[in-house]
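Good morning, and thank you for coming.

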Amino acid sequence: MKKILLTGGGTAGHVTPNIALLPALKNMGYEIKYMGSYDGIEKKLIEELNIDYIGISSGKLRRYMSVKNFTDPFRVIKGFSEAKKFIKKYRPDVVFSKGGFVSVPVVLAADKYKIPVIIHESDMTPGLANKLAIPHAYKVCHNFPETSNYLPKGKSVLTGSPIRSELLSGNKTRGLSMCHFTSDKPVIMVIGGSLGAASVNEIVRKSLDELLKNYQIVHLCGKGKLEESLQGKKGYIQFEYIKDELKDLFAMAQIIISRAGANAICEILALKKPNILIPLSANASRGDQILNAESFKKQGYSEVLKEEELTPDLLIHTVNNVYKNKIQYIHAMDLSPSKDSIKLITDLINEAVNV
């Protein structure tokens, strides 16, 4: 039996693409183990799926001053030693890394024992953890054509991001029933990310009365961000978070309004949903969401609104424009070269095993 070691953690975005690969890897006959931090979000998500989980010590690599900069290197060294010990004994045929700081010692340990490593970079420009890992990789998968400019020649492969197959099996009727919506008005789905987005929530709510004249709105607003005064408003429903029923909400939506996190927009692309992206501002991030969104706009998949320029009038105008031209966005997404990400990535995994 072929053996694969998956790694990645720190945020759900570093785990869910790995989870999306699991059914295909099992069908291909791989024995699967997962290496992550002792108590990161990845541990809970992976153990729920009955995949063998190996925890290692993990430290964060920071670009800014922090007292932890003096202690975390020792955690990384310990993690490298633990990863090395496990890999020497287990001898996986291939390692697939989704990134995050916990993946760095795993990639370095795999390289020491000549185990081929495939890395997936979600954002347009590699983050610090992947920058450290890329020299040790066989291939680097990525979501955006522009990313190849930041990668070594011969290593870059445009694959897109693997998405959970269940998202493709949503039922529009179930979604409408769950939200108490009718089938005669188009639906807008607003996604602010797992923690919600206060500025997006605010502008959507300020635009509600005008938008509800022509649309119905399902609003995933984030934990603790429900607006009680809007509960029961006709044509509008809000949830803090949705898990299993997300596929049905996607199925009924004609337009998506979303942040521009790489995994989220790759799901939107795979589902071919016309969309408006409102990336996290450069003041609150390293600017990766802005680059992600601009790439999607350039490829004709999305419209982009800057958070600092948001007004109700601008949002309403953009929604109407995207809905009017929805066929053009769907056509552009239909031509995407990275539609079948899971097959592209699993083919690369098999190639690495057989090199």
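**The sheet and its helices**

This is a predicted model, and I start with an open sheet of 6 strands, paired in parallel and arranged in the order β10-β9-β8-β11-β12-β13. At the edges are β10, residues 236-239, and β13, residues 302-304, each of which pairs on one side only. From one strand to the next, the twist averages 15 degrees.

Let us look at one end of this sheet. Strand β12, residues 275-277, pairs with β13 in the parallel sense, over 3 bridges. There, Leu-277 stands opposite Val-304 in β13. Helix α10, residues 288-298, packs on the sheet and touches β12 and β13. The direction of α10 makes about 130 degrees with that of β13.

Another helix, α6, residues 172-179, lies across β8 (187-191), β9 (216-220) and β10. Helix α6 runs at about 90 degrees to β10.

I turn now to the loops. Which residue lies in the loop between α9 and β12? That residue is Lys-272, and α9 spans 262-271. Lys-272 is not a glycine, yet its phi is positive, at about 55 degrees. Lys-272 has a relative accessible area of 32%, so it is classed as partly exposed, the range between 20% and 50%.

The second residue is Lys-114, in the loop between α4 (103-112) and β5 (117-121). Its phi is near 60 degrees, again a positive value in a residue other than glycine. Is Lys-114 buried or exposed? Lys-114 counts as exposed because its relative accessibility is 71%, and the cut-off for exposed is over 50%.

Notes. Residues numbered from 1 in each chain as written. Predicted model: local features only at pLDDT ≥ 70, side-chain atom pairs only at ≥ 80, totals over all residues. Heavy atoms only, no water. Pairing = 2+ DSSP bridges. Helix = DSSP H or I, 4+ residues; strand = E, 2+ residues; numbered from the N terminus. Axes fitted to C-alpha atoms, helices over the stretch in contact; angles between N-to-C directions. Contact = heavy atoms within 4.5 Å. Buried < 20%, exposed > 50% of the residue type's maximum accessible area, 1.4 Å probe, protein only.
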